[in-house]
Amino acid sequence: MNVPEQLKYTDEHEWVQVTGDGVVRIGITDYAQSALGDVVFVQPPTVGETVKPGDSVGEVESTKSVSDIYAPLAGEVTAVNEVVVTAPETINSDPYGEGWLFELRLDDAAALEQLLDAAAYAEKISEA
């Protein structure tokens, strides 16, 4: 499984990338998209929505199941990736690039430190 070093991760198999100015980009991991199978529908959160960690903010539907997307951190949704809405299979082909889901302006950037680093996430999925 591909686990990029520069990202942070959640127990719910989401990745978080710091883009600057207190904003992060969020998507699902290579492990998650592989487990889901072919992604056929994405319901992202709404721009302007305020979320708390653990909130269900959208869904990813595959040929196998429907999975909730959870907010890994608190903040305001500032952007959604329209590419995955119109071409959900992008999540399968490029989960860490064009397959990102949404961006969030953080309430507290220090909360990033509570997320898993690449080594901890790799260990978690190796035990699954």
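Two strands count as paired if DSSP finds at least two bridges between them. By that rule, strand 5 and strand 8 (residues 75–80) are paired, with 2 bridges joining them in the antiparallel sense, and Val51 stands opposite Gly75 in strand 8. The model is predicted. The points below cover an open sheet of 6 strands, a hairpin between strand 6 and strand 7, the largest pocket, with about 180 Å³ of space, and two loop residues, Thr10 and Lys64.

- The 6 strands of the open sheet follow the order 1-2-3-9-8-5, and their pairing is antiparallel.
- Strand 1 (8–9) and strand 5 (50–51) are the edge strands, each pairing on one side only.
- Strands of a sheet pair through backbone hydrogen bonds, in either a parallel or an antiparallel arrangement.
- Strand 3 (residues 23–28) runs antiparallel to strand 9 (residues 102–106), and 4 bridges join the two.
- Within strand 9, Arg105 is the residue opposite Val23.
- Strand 8 and strand 9 are also antiparallel, paired over 5 bridges.
- Gly75 has Leu106 as its bridge partner in strand 9, and Gly75 of strand 8 also stands opposite Val51.

- Strand 6 (residues 56–62) pairs with strand 7 (residues 66–70) in the antiparallel sense, over 5 bridges.
- Gly58 has Ile69 of strand 7 as its bridge partner.

**Lys64, in the loop between strands 6 and 7**

- Lys64 is placed in the loop between strand 6 and strand 7.
- Lys64 counts as exposed because its relative accessibility is 59%, and the cut-off for exposed is over 50%.
- Apart from neighbours within four places in sequence, Lys64 is in contact with Ser34, Ala35, Leu36 and Gly37.
- Between Lys64 and Ala35 the C-alpha to C-alpha distance is 8.9 Å, although the two are 29 residues apart in sequence.
- The side chain of Lys64 comes to 3.5 Å from the backbone oxygen of Ala35.

**Largest pocket**

- The largest pocket holds about 180 Å³ of space.
- It is lined by 13 residues, and those closest to its centre are Glu12, His13, Ala32, Leu36 and Ser67.
- Helix 1 (30–36) and strand 7 each contribute at least two residues to the lining of the largest pocket.
- By residue type, the lining of the largest pocket comprises 8 nonpolar, 2 polar and 3 charged residues.
- Leu36, one of the residues closest to the centre of the largest pocket, is also among the contacts of Lys64.

**Thr10, in the loop between strands 1 and 2**

- Thr10 is located in the loop between strand 1 and strand 2 (14–20).
- Thr10 counts as buried because its relative accessibility is 5%, and the cut-off for buried is under 20%.
- A polar atom of the Thr10 side chain lies 3.2 Å from the backbone nitrogen of Glu12.
- Glu12 is itself one of the residues closest to the centre of the largest pocket.
- Neighbours within four places in sequence aside, Thr10 is in contact with Pro72, Leu115, Leu116 and Tyr121.

Note on methods:
Residues numbered from 1 in each chain as written. Predicted model: local features only at pLDDT ≥ 70, side-chain atom pairs only at ≥ 80, totals over all residues. Heavy atoms only, no water. 1 Å grid on protein atoms, 1.4 Å probe; cavity = no way out; pocket = protein on both sides within 12 Å on 5 of 7 lines; lining within 4 Å. Points joined across faces, edges and corners; volume = space filled by probe spheres on them. Nonpolar A, V, L, I, M, F, W, Y, C, P; charged D, E, K, R; others polar. Buried < 20%, exposed > 50% of the residue type's maximum accessible area, 1.4 Å probe, protein only. Contact = heavy atoms within 4.5 Å. Polar contact = N/O pair within 3.5 Å; in protein donor to acceptor, adjacent residues only side chain to side chain.
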